[in-house]
Amino acid sequence: MWSSPFITQPSSVSQIMLRVLLALIPGIALYVWYFGPAILVSIALASVTALATEAVMLKLRQRPLGPFLSDNSALLTAWLLALSIPALAPWWLVVVGTAFAIAISKHLYGGLGNNPFNPAMIGYAVLIISFPVHMTHWITPHGMGGIELSFGEQLNYIFDGVLPDGLKLDAVTMATPLDTLKTQLHLGLSVNDIRDMPIYGYLAGKGSELVAIGFAIGGLYLLSIRIISWHLPVAFLASLFATAGVFHLVDPAHYVTPLFHWFSGAAMLGAFFILTDPVTSPTTAKGKLIFAAGAGLLTYLIRVFGGFPDGMAFATLLMNICVPLIDAWTQPKVFGKKGDSK
């Protein structure tokens, strides 16, 4: 028998962040299955860099190391950034992006709870603007390429930039499904012609669509244990679906189905793990809906009409700018207050 009072201890920041990290594991496992273990190296590099940078910044700011290093927030930033960039990215690229995310976009603003922008997405934006070539070499899914690198060969490339004799990087990497779609449409092909290419599966890209499902499963777990609320993922996915649906209905030959956009790129990762950052998202329920719907719209517009194949990061950062205004507009009235007194 349970005795009253039925009061539960609120989860600590460390516990919440740990559960979010655990929720990423299904997507990571599928990533390893289809693209190889190189992503684990990127995650390890990003994790070590994040913790080291966090320690240095805390020391410079004269803050205690223990409580902040153990809250798992730096690790979450590291994992999200590592999952957003190519798994074969050189080691220094991962280190630079992660260090920038922690030192500049987090601690420059006062540390956890004060940063207005999602640190992982800031790190991604810096990397794709500064090193665009390195950010386009994505590993070919297992079974699609004629040549596949062993784990040792992947390590050699990540740390030394060396491939087996006579092998070029283009032979083991490929453009993302979103990038391929945009390129082929510009060349005059129709959606039906493009969707028949070997790179595409039932919903989106082969391999990547199942990785997206893995992240969706992790996101549903977070919803079930109430770590995140439904407002952000539902509003984002609904907005992305509706926008893509309108364009597809108007011109199906040049605009793919909404499900393609759901299961391509970072849509599922963004819906459940990036937009739901409690620090950089609105505090009100109505504000969360506006914020996520705007991110869904911007993600589609950047993907289809912008210069980048995936717009998740920039859509998030643009909506982060609007959060103070959204919160100000959507704050409920104080109970019992009829109007402003003069």
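A word on the model: it is predicted, so local features need pLDDT of at least 70 and side-chain atom pairs count only at pLDDT 80 or more, while totals for chains, interfaces and linings use all residues. Residues are numbered from 1 along each chain as its sequence is written, and side-chain values use heavy atoms, with hydrogens and water left out.

Let's start with the domains. An automatic or database domain assignment sets the bounds, giving domain 1 (12–174) and domain 2 (175–328). Contact means heavy atoms within 4.5 Å, and 33 residues from domain 1 and 29 residues from domain 2 take part. Their C-alpha centres are 21 Å apart.

How much area do domain 1 and domain 2 bury between them? About 2,700 Å², with 81% of it on carbon and sulfur atoms; buried area is the accessible area (1.4 Å probe) that two parts lose on being put together, summed over both. On the domain 1 side, N118, M121 and M174 supply 18% of the area buried against domain 2, more than any other three residues.

Now to helix α16, residues 312–330; helices here are DSSP runs (H or I, at least four residues), numbered from the N terminus. Helix α16 has a kink of about 45 degrees at C322, shortly before the proline P324. That bend is the angle between axes fitted to the seven residues ending there and the seven starting there.

Terms used
Helices (H or I, at least four residues) and strands (E, at least two) are DSSP runs, numbered from the N terminus.
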